[in-house]
Amino acid sequence: MTVSNTLRQQVLVLYLHTSALDSRVVGWARYDGTGTTRPTTGDSDEPPYETGVAALQDGWRLFQAAQLVPPYPGTEHETSFLKHEFFFEKLVSGG
């Protein structure tokens, strides 16, 4: 078996308290395209980063942020999906 130097994508999804990248992380998910780890939802009690900015400082690249959509009138206080979703990636050798 040969070792590949092909770049693989790791993805980090952070749900933040507000739309600001420096607000606190309230939810997260990780995916590893290298296959070396198999993270699952709820596999840790602590977020991988305190804020989105902390992920940027650690080398993650932001490639998507959720569209800011105001709540429909009358639904301002209803519970729904986590709105402030940010996708980050790292390209690493592996596979």
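Contact, as the word is used in these legends, means heavy atoms within 4.5 Å. The structure shown is a predicted model, in which local features need pLDDT of at least 70 and side-chain atom pairs count only at pLDDT 80 or more, whereas totals for chains, interfaces and linings use all residues. Residues are numbered from 1 along each chain as its sequence is written, and side-chain values use heavy atoms, with hydrogens and water left out.

View 1. Gln10 lies in strand E1, where helices (H or I, at least four residues) and strands (E, at least two) are DSSP runs numbered from the N terminus. Leaving aside residues up to four places away in sequence, Gln10 touches Tyr31, Asp32, Gly33, Thr34, Trp60, Phe88, Glu89, Lys90 and Val92. With one of these, Asp32, the side chain of Gln10 makes a side-chain to side-chain polar contact of 3.3 Å; such a contact is a pair of N or O atoms within 3.5 Å, and within protein one must be able to donate a hydrogen and the other to accept it, while residues adjacent in sequence count only if both atoms are side-chain atoms. Gln10 counts as buried because its relative accessibility is 18%, given that buried means under 20% relative accessible area, exposed over 50%, and partly exposed in between (1.4 Å probe, protein chains only).

**View 2. Lys90 in strand E4.** Lys90 is found in strand E4, and its contacts, not counting residues up to four places away in sequence, are Arg8, Gln9, Gln10, Asp58, Gly59 and Trp60. A polar atom of the Lys90 side chain lies 3.2 Å from the backbone oxygen of Asp58. Although Lys90 and Val11 are 79 residues apart in sequence, their C-alpha atoms are 6.7 Å apart in space.

**View 3. The open sheet of four strands.** The four strands follow the order E2-E1-E4-E3 with antiparallel pairing, two strands being paired if DSSP finds at least two bridges between them. Strand E2 (25–32) and strand E3 (61–65) stand at the edges with a single partner strand each, so one side of each has no neighbour in the sheet. From one strand to the next the twist averages 25°, with axes taken as lines fitted to C-alpha atoms (for helices over the stretch in contact) and angles running from 0 to 180 degrees between N-to-C directions. E3 and E4 pair in the antiparallel sense over four bridges, and Leu62 stands opposite Phe88 in E4.

**View 4. The aromatic pair of Phe63 and Phe87.** A search of the whole structure finds one aromatic pair. Phe63 and Phe87 form this tilted pair, at 6.1 Å centre to centre and with 50° between the planes; rings of Phe, Tyr and Trp (its six-membered ring) pair if their centres lie within 6.5 Å, and planes under 30 degrees apart count as stacked, over 60 as edge-to-face and the rest as tilted. Because Phe63 lies in strand E3 and Phe87 in strand E4, the pair ties together parts that are 24 residues apart in sequence. Phe63 counts as partly exposed, at 42% relative accessibility.

**View 5. Gln67 in the loop between E3 and E4.** Gln67 lies in the loop between E3 and E4 and is exposed, with a relative accessible area of 66%. Its C-alpha atom is separated by 9.3 Å from that of Ser19, which is 48 residues apart from Gln67 along the chain.
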